[in-house]
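I set out to read one model from its overall figures down to single residues. The entries below record what I looked up.

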Amino acid sequence: MAITSANQLELLQTAEAVAREKMIDPELVIQAMEDSLARAAKSRYGADMDIRVNIDRKTGRATFARIRTVVGDDEVENHHAQLTVKQAKDHLKDPSIGDEIIDEVPPVDLGRIAAQSAKQVILQKVREAERDRQYEEFKDRKGTIINGQVKREEYGNIIVDIGRGEAILRRNEKIGRESYRPNDRIRCYIKDVRREARGPQVFLSRTDPQFMAELFKMEVPEIYDGIIEIKAVARDPGSRAKIAVISFDNSIDPVGACVGMRGSRVQAVVNELQGEKIDIIPWNADQATFLVNALQPAEVSKVVIDEEAGKIEVVVPDEQLSLAIGRRGQNVRLASQLTGLDIDIVTETDESARRQAEFAERTKLFIDALDIDEMMAQLLVAEGFTNLEEVAYVEIDELLSIDGFDEGTAGELQTRAREHLEAANTKAMEAARAMGVEDSLVEFEGLTPQMLEALALDGIKTLEDFATCADWELAGGWTTENGQRKKDEGVLEKFDVSLEEAQNLVMTARVMLGWVDPTELASAEVEEIDEEEAQA
C-alpha cells in the first residue's frame, strides 16, 4: 500500500485504538509507527542511509526525510549518512561539525513483505511499552496483598490474572496442598517484581511470613493506624505460626486487639491461611522475657543467653520438654525464627547434671594444679573461680573474703597458681618452637605461649600466616546452612578471644607487615564510630 494514497487520519485512529486496548500512551504507538516506516524506507532507499519518518500528530501526514550529519574529515565512516565540513558547504552556508542536512524524500510504497515487517516492529514496540507500564505499575506494590483470578496451572505453578497483567504463584509458595481451578478468586502477597527477558514478572506468595502480617493489618485497624506494631513473624505454612506484637498505647492490649471479639479477627486470618494455628505473643525488648513468651504454651524455668554466639539456652521442667520442643521441633523452631536466636532446650535434670560435671571438673583442676584438698578446691569453685589465671592474678582481698582463708593461705595459693602457669607457659613455648614458630610471631604482642602452640598446631607459624587469618577463624563463629546454624570452631576460641579482639590482632599484624596503611585504618574506625553515633 502507498502511504500517500492511504487515509492519513487512519494512522492516528489506529494509534489511539491500540493505545486504548493496551492501556499505554498513544505517543508510544505513533513513535513505533515512525520507526517501522523508517525501516521500510531503508529497505527501499538503502540500509546505510539515515531515513527518519515524522507523523504529524494532527493531520496524520507522514513525512520521509534523509538525514546527513556533518563530521570531521577523519571521522567519516558512512558516506551515505555523513559528510565532511567541506562537502557540506554545497548544502549549508556556514556548516560546522554536528550540523544536519535534511532532505525530504518521496514516501515509499509498502509492499506485502515491508508491510508485514512494519507490523512486527509496531507490535514489538507496543509490547515493550506494555511491559514497562506493567513494571512501573506493580514495582511499588511489592510487599502488599493483591486479589486476583486464577487463569491456568502450569507444572504446579498458578498463573493469576491481576487486572492489568499476569502474575505467577509458584508451587513452593502455595500453602500445603492447595489446589485451584480456573476462575477461582485468590488472595496473595506480592513477594517480588522483576524485569526479565520476557517482560516484568510479578511473583506471588501465600507462604511468606509477611503475608500473614499484611492480613492482620487488614483485619486489625489498630495495626493499620500504627497503634499496634507487628515486630516479628514466624510461620510453618499451613500448620502453625507465631506473631509478636507491641502496643504503643497502654490502654490497648495488643494480643486482645489482634484476637478480636470472640476471636473474630484472628479467625478471619486463620480461614485465609487454610486453618493455620496462630500464636499471638506480646513482644518484649528483653530477649529472655520475649523468648519465654515465644515458647508458649510451654513453661520456662531459666534462660541463659550467649550474645556473642547468638545462642540461647532454655531450661524447662522435665515434663515440659516435649511441649517446648513441639511436634517435630515445630514450637522451638518457630520461637527461634521469631527471636533470631539459636535455641537449645534442656531439662532441669540435664542442666543440673551438667553443672555438677563442670563443678567436679574445676574442682579437679584446682586440686591437681594447686596441690590442695578437695574442700578448699570446692570453696574456690563455689566462689566463682573458673581457672588458674583468676586465682593467680585476682586482688588478694577476694581470696581473703572466702571463709577460712587467711593472708598466708591466699598468698600461698597465688604463688602456686603463678608457678603452675609459668611452667605451663614454658612447656607451651618449647612445643611451639619445636613446631617451627618464628620469632616474628613469638614477639607479636597479644599472643600467649599457649596461643602460639595452638596456632602452630593449625599450621600458623609466622606473622604473615597470622595476618592472612580471618577474625572468625581465630575466634570462631556461626554460619547458617540450609536453615541450620552451624558452629565454626576458632583456633583461639578456647582462650576466650572475642571476634573484636581477633579482628584487632589481625589488623595490627597487617599494619606491621605494611599490608594496610594505618591512616586508612584510623579513618575507617572514625567513620564507623560516626555511623554508630548517627544510628544511636
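**Entry 1: conventions.** I worked on a predicted model, in which local features need pLDDT of at least 70, side-chain atom pairs count only at pLDDT 80 or more, and totals for chains, interfaces and linings use all residues. I numbered residues from 1 along each chain as its sequence is written, and side-chain values use heavy atoms, with hydrogens and water left out.

**Entry 2: confidence.** I took pLDDT as the predictor's confidence in each residue, from 0 to 100. The protein chain averages 81, and 85% of the residues score at least 70. I noted that residues 1–7 have a pLDDT below 50; beyond near neighbours in sequence, this stretch has ten contacts in the model. A contact here means heavy atoms within 4.5 Å. Where pLDDT is low, the predicted coordinates should not be read in detail.

**Entry 3: the whole chain.** I found 22 helices and 17 strands in the protein chain; these are DSSP runs numbered from the N terminus, with helices H or I of at least four residues and strands E of at least two. Of the 536 residues, 39% count as buried, where buried means under 20% relative accessible area, exposed over 50%, and partly exposed in between (1.4 Å probe, protein chains only). The chain exposes about 31,000 Å², and carbon and sulfur atoms supply 46% of that area; the areas come from the Shrake-Rupley method with a 1.4 Å probe, and for residues only the protein chains shown count as cover. Among contacts with a separation of 6 or more, 54% come from residues 24 or more positions apart.

**Entry 4: strand β11.** I asked which strands pair with β11 (residues 240–247). Two strands pair if DSSP finds at least two bridges between them. Ala 241 of β11 stands opposite Arg 235 and has Ile 278 as its bridge partner in β12. The hairpin of β10 and β11 has three residues between the strands, and Gly 238 in the turn has a positive phi of about 85 degrees. Seven of the eight residues of β11 are buried, so this strand is largely enclosed by the rest of the structure.

**Entry 5: hairpin β6 and β7.** I then turned to β6 (residues 157–161) and β7 (residues 166–169), which run antiparallel and are joined by four bridges. Ile 159 has Ile 168 in β7 as its bridge partner. Four residues lie between these strands, and Gly 163 takes a positive phi near 95 degrees.

**Entry 6: largest pocket.** I looked up which residues lie nearest the centre of the largest pocket. They are Asn 387, Leu 388, Glu 389, Lys 494 and Phe 495, out of 20 lining residues. Helix α16 (407–434) is one of those that supply at least two lining residues, and α16 gives the most, with five.

**Entry 7: two partly exposed residues.** Gly 436 is found in the loop between α16 and α17 (439–442) and has a relative accessible area of 36%. Its C-alpha atom is 9.5 Å from that of Ile 460, 24 residues away along the chain. Gln 210 lies in helix α5 (residues 209–219) and counts as partly exposed because its relative accessibility is 36%. Gln 210 and Gly 143 are 67 residues apart in sequence and 7.7 Å apart in space, C-alpha to C-alpha.

Key:
On a 1 Å grid over the protein atoms alone, a cavity is a set of points where a 1.4 Å probe fits but cannot get out, and a pocket is an open set with protein on both sides within 12 Å along at least five of seven lines; lining residues have an atom within 4 Å of a point.
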